[in-house]
Each structure stands twice: as structure tokens, then as C-alpha cells.
Amino acid sequence: SPVTNNAFTISWPNTDPNYQLQVTTSLSSPSWGAGPSPVVVNGVNQVSVDVSGGGTQFYRLVRVVCP
């Protein structure tokens with residue numbers, strides 16, 4: 001989504017609870033951690049990301065399946 005008021009929204013379907021949003025500050029040697037929260041459910045999972053602090057951040061959505 002476009003940046004509005006120093007934030008943007010990441011959203012994905014909430015029909016599968018096995019997805020996790022993760023974040024890292026580098027793609028050359030990434031250390032992925034839990035993404036921003038809270039995740040708001042309103043037909044889709046949505047996270048609003050504040051970009052006012054500067055710095056580069058990369059996001060990925062992964063599907064985690066427990067055996």
C-alpha cells in the first residue's frame with residue numbers, strides 16, 4: 001500500500017493461520033524476527049508499519065507448518 005501519515009499497511013488473507021510476517025534490516029546477512037504487531041483481523045490480516053523512524057527494513061511473509 002502507499003505510505004500515508006508515515007505508515008503503510010501489509011495485508012494477507014486470514015484463511016490460513018500458519019502465516020507469519022517477519023522483518024530484518026539486512027538482506028546480505030538477514031536475521032529474520034517477528035514482524036510488527038498488532039495484527040488486526042478485518043477480513044484479512046493487516047499490520048500497519050510506522051516508517052517515521054528511518055532506517056531500512058525488509059519484510060517477508062512465511063508459512064510455518066508444524067509437523
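**Exercise 1. Which side chain makes a polar contact of 2.7 Å with the side chain of Gln22?**

The model is predicted: local features need pLDDT of at least 70, side-chain atom pairs count only at pLDDT 80 or more, and totals for chains, interfaces and linings use all residues. Residues are numbered from 1 along each chain as its sequence is written, and side-chain values use heavy atoms, with hydrogens and water left out.

Step 1. Take the rule. A polar contact is a pair of N or O atoms within 3.5 Å; within protein, one must be able to donate a hydrogen and the other to accept it, and residues adjacent in sequence count only if both atoms are side-chain atoms.

Step 2. Apply it. The partner is Arg60, joined to Gln22 at 2.7 Å.

**Exercise 2. Work out the strand order of the open sheet.**

Step 1. Two strands pair if DSSP finds at least two bridges between them. Strand E2 (residues 19–24) and E6 run antiparallel and share six bridges. Within them, Leu21 has Leu61 of E6 as its bridge partner.

Step 2. The three strands follow the order E3-E2-E6, with antiparallel pairing. Strand E3 (33–34) and E6 are the edge strands, each pairing on one side only.

**Exercise 3. Find and classify the aromatic pair.**

Step 1. Rings of Phe, Tyr and Trp (its six-membered ring) pair if their centres lie within 6.5 Å; planes under 30 degrees apart are stacked, over 60 edge-to-face, the rest tilted. This rule gives one aromatic pair.

Step 2. Phe8 and Tyr59 lie 6.1 Å apart, centre to centre, with 80° between the planes: edge-to-face.

Step 3. Phe8 belongs to strand E1 (residues 7–13) and Tyr59 to strand E6 (residues 58–63), so the pair links parts of the chain 51 residues apart. Tyr59 is partly exposed, at 24% relative accessibility.

Methods: Helix = DSSP H or I, 4+ residues; strand = E, 2+ residues; numbered from the N terminus. Buried < 20%, exposed > 50% of the residue type's maximum accessible area, 1.4 Å probe, protein only.
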